[in-house]
Amino acid sequence: MVKNHIKKTKKNYLCFFCKKNQYQVKNIISDTSINICNECTILFHQTIQNQVLKTDQKKNSNNLTPKKIKKQLDEYIIGQKKAKKVLSVAVYNHYKRLLFLNTVHNNTIELKKSNVLLIGPTGSGKTLLAETLAKILDIPFVICDATSLTEAGYVGDDVESILQRLLQKCNYNIKKAEKGIIYIDEIDKISKKSNNISITRDVSGEGVQQSLLKIMEGTIASVPPQGGRKHPNQKCLYIDTSKILFICGGTFDGLDKIIKKKKLTKSIGFNNTSINNNNIHYSKYYNIETKDLIQYGLIPEFIGRLPIIVVLKELKKKHLKKILCVTKNSLIKQYQTIFSLDNVYLEFDDDAIDEISNQAIKKKIGARGLKTIIETILLNTMYNLPSMRNVKKIIINKKVAQKKIPPIIVHHK
């Protein structure tokens, strides 16, 4: 029973903790054995919340360190040593920033969010890095394709639809969603179509970059729970995007030409002894500067929201072989598990693994294309196997991988 101080009663209600009566506070909650005022209720709630956060902070400070994050990334991702190191530090600092915001009230210090931009060729592990980080941290993770987004008011997905997907992932638990990671793929595809001023609007290029600025930096966004377009009478959920980590990834085809042209310009001069293009040492995705990305088509404000730039190397043959065999969730282990459900052992010899890796390099599809190659090799076998009897083992060698002969089938005696 709640007693308001405006209504005077014969009985004088005192708060059991602060000893104030009903005339000194706004409300008193009265029970048969104890009375508590609204001020003490709020104080107890804040105290318990801070204790829970401090417990989580202590727990995570022991378990979550950049070295431990990288070690777990090594189990799933081959190569990209520097990229894993940079991402481990970035995610660790972001997590500490969230704890700081929840526990420390300091008006003089404001910790800014550090979103991440991943640049690298197709199949180098950009999406897998972000996905594995979310798995390690046990937080919600959403992948969005930038090419499907349009500026608000045009046909296509609004940028706020990304937040709606994140809320769906968390069963509309806003507190949980605010700790999540959003990965925006193909971010290079929303670069400005031209540097020239045009009458027509670039609704899927610069317009999308402008729309993403606020939610990436941090704002209280209103999201329709059922998705779709917003209208004035619709009930919306409000989510604080300042606590969400945004990771953007793209191949940035043609960026290497911008960097090469810049190096070529610098190498030509009176003091230069050689102006031969072949003498210019050039590494495709390195030495990227902000002005290179602006020239590519990203607006300066958008680049400013992505202070951490991580460059991923193109995977070599030795990396692809390890992805096939060594990683915790390697492709060959996956297919061996599928075949084992039919009580058949699947075997790849070393020459076959070499051949599959060579095909991926030749087609320039990286690790992403390895599964496509294996699916093509095993298609007929997976089609016929359930109808076959007494099959003990299936062997894939180099000629099978080249699709010159069917796989070797070993039967039970």
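**Entry: strand 4.** I began with strand 4, residues 116–119, and found both of its faces covered. Val116 and Leu118 are buried on one side, Leu117 and Ile119 on the other. By "buried" I mean under 20% relative accessible area, with exposed over 50% and partly exposed in between (1.4 Å probe, protein chains only). Strands here are DSSP runs of E of at least two residues and helices are runs of H or I of at least four, both numbered from the N terminus.

**Entry: what I am looking at.** This is a predicted model, in which local features need pLDDT of at least 70 and side-chain atom pairs count only at pLDDT 80 or more, while totals for chains, interfaces and linings use all residues. Residues are numbered from 1 along each chain as its sequence is written, and side-chain values use heavy atoms, with hydrogens and water left out.

**Entry: helix 14.** Next I went to helix 14, residues 370–384. Its 15 residues reach 22 Å from first C-alpha to last, close to the 21 Å expected; that expectation is 1.5 Å times one less than the number of residues. Where is the kink in helix 14? It is centred on Leu378 and comes to about 50 degrees, the bend being the angle between axes fitted to the seven residues ending there and the seven starting there.

Leu378 is also on my list of buried residues in helix 14, along with Leu370, Ile373, Ile374, Ile377 and Thr381. An α-helix has 3.6 residues a turn, so residues three or four places apart point the same way. The buried residues of helix 14 pack against several elements, including helix 11 (317–325), helix 13 (350–363) and strand 12 (391–396).

**Entry: Ser357.** I then checked a residue of helix 13, Ser357. Is Ser357 buried or exposed? Ser357 is buried, with a relative accessible area of 0%. Leaving aside residues up to four places away in sequence, Ser357 touches Lys317, Leu320, Lys321 and Leu324; a contact means heavy atoms within 4.5 Å.

**Entry: whole chain.** Last, I noted 15 helices and 13 strands. Buried residues make up 40% of the 413 in the chain.
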